[in-house]
Amino acid sequence: MRLNRRAILAAGTAAAALLALTPAARAAAPAVQFTKVHYDSPGSDRGGNASLNGEYAVLKNTTRAPIQLEKWILRDKNGFKYRFPRFTLRPGRSVTVRSGKGTDTSTVLYWGRGWYVWNNTGDTAGVYRAADLKKIDTCSWGRSSRAYVTC
Ligand SMILES: [Ca+2]
């Protein structure tokens with residue numbers, strides 16, 4: 001089969017565009033990214049602390065440098081806000097923010113709420129940096145048979 005010159009050029013351009021996209025897409029990855037939101041805790045939503053803590057969001061530092069999360073904001077679509085305490089998120093590491101009460105550790109933080117925050121039928125989680133409250137990343141979901149979304 002003979003390919004004409006135009007077809008070869010078009011294929012070459014498409015391949016070049018694809019190659020060009022890769023580093024750009026990588027550069028666009030947020031410094032702190034949602035990897036998972038487990039919005040529907042196991043069992044019925046009766047509001048017990050263990051049930052509240054079955055609801056959580058996971059954020060990852062995608063950079064090669066530590067990021068201080070103090071005063072960063074995690075919020076839902078309704079405007080419920082969690083303000084991070086002084087907490088260093090190390091390069092490549094993740095932190096889980098659970099909705100209920102508990103004692104913070106080096107990998108798990110507790111929002112301290114008395115009721116659920118992430119709507120089971122759809123919501124948007126957002127994370128904002130402290131300096132200027134710029135939105136760094138969001139993760140959205142709709143009604144689903146699953147209890148979590150990977151972002
Ligand atoms: Ca929920």
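Buried means under 20% relative accessible area, exposed over 50%, and partly exposed in between, with a 1.4 Å probe and protein chains only. The legends describe a predicted model, in which local features need pLDDT of at least 70, side-chain atom pairs count only at pLDDT 80 or more, and totals for chains, interfaces and linings use all residues. Residues are numbered from 1 along each chain as its sequence is written, and side-chain values use heavy atoms, with hydrogens and water left out.

**View A. Salt bridge between Arg86 and Glu70.** A salt bridge is a side-chain nitrogen of Lys or Arg within 4 Å of a carboxyl oxygen of Asp or Glu. In the pair Arg86 and Glu70, the closest N and O atoms are 2.9 Å apart. Arg86 belongs to the loop between S5 and S6 and Glu70 to the loop between strand S3 (67-68) and strand S4 (73-75), so the bridge ties together parts 16 residues apart in sequence. Helices (H or I, at least four residues) and strands (E, at least two) are DSSP runs, numbered from the N terminus. Glu70 is partly exposed, with a relative accessible area of 32%, while Arg86 is exposed at 61%.

**View B. Salt bridge between Asp132 and Arg129.** The structure holds two salt bridges. Here the closest N and O atoms of Asp132 and Arg129 are 2.7 Å apart. Asp132 is partly exposed at 44% relative accessible area, and Arg129 is partly exposed at 30%.

**View C. Surroundings of Phe84.** Phe84 lies in the loop between strand S5 (81-83) and strand S6 (88-89) and is buried, with a relative accessible area of 2%. Contact means heavy atoms within 4.5 Å. Beyond its neighbours within four places in sequence, Phe84 is in contact with residues including Leu59, Leu69, Glu70, Lys71 and Val127. The C-alpha atoms of Phe84 and Leu69 are 6.1 Å apart, against 15 residues in sequence. Lys71 sits in the loop between S3 and S4, and has a positive phi of about 70° although it is not a glycine.

**View D. Calcium ion.** Donors are N, O and S atoms within 2.8 Å of the metal (3.2 Å for Na, K and Ca); water is not among the atoms, so sites may look incomplete. Tyr39 (O), Glu55 (OE), Trp118 (O) and Asn120 (OD1) coordinate the calcium ion at 2.2 to 2.4 Å. Tyr39 lies in the loop between strand S1 (32-38) and helix H2 (49-53), and Glu55, 16 residues away, in the loop between H2 and strand S2 (56-61). Both Tyr39 and Glu55 are buried.

**View E. Aromatic pairs.** Rings of Phe, Tyr and Trp (its six-membered ring) pair if their centres lie within 6.5 Å; planes under 30 degrees apart count as stacked, over 60 as edge-to-face and the rest as tilted. The whole structure contains six aromatic pairs. Tyr39 and Trp141 are stacked, at 4.9 Å centre to centre and 5° between the planes. Trp141 is in strand S10 and Tyr39 in the loop between S1 and H2, so this pair ties together parts 102 residues apart in sequence. The rings of Tyr82 and Phe84 have centres 5.0 Å apart and planes at 70°, so they are edge-to-face. One aromatic cluster is formed by Tyr39, Tyr82, Phe84, Trp111, Trp118 and Trp141.
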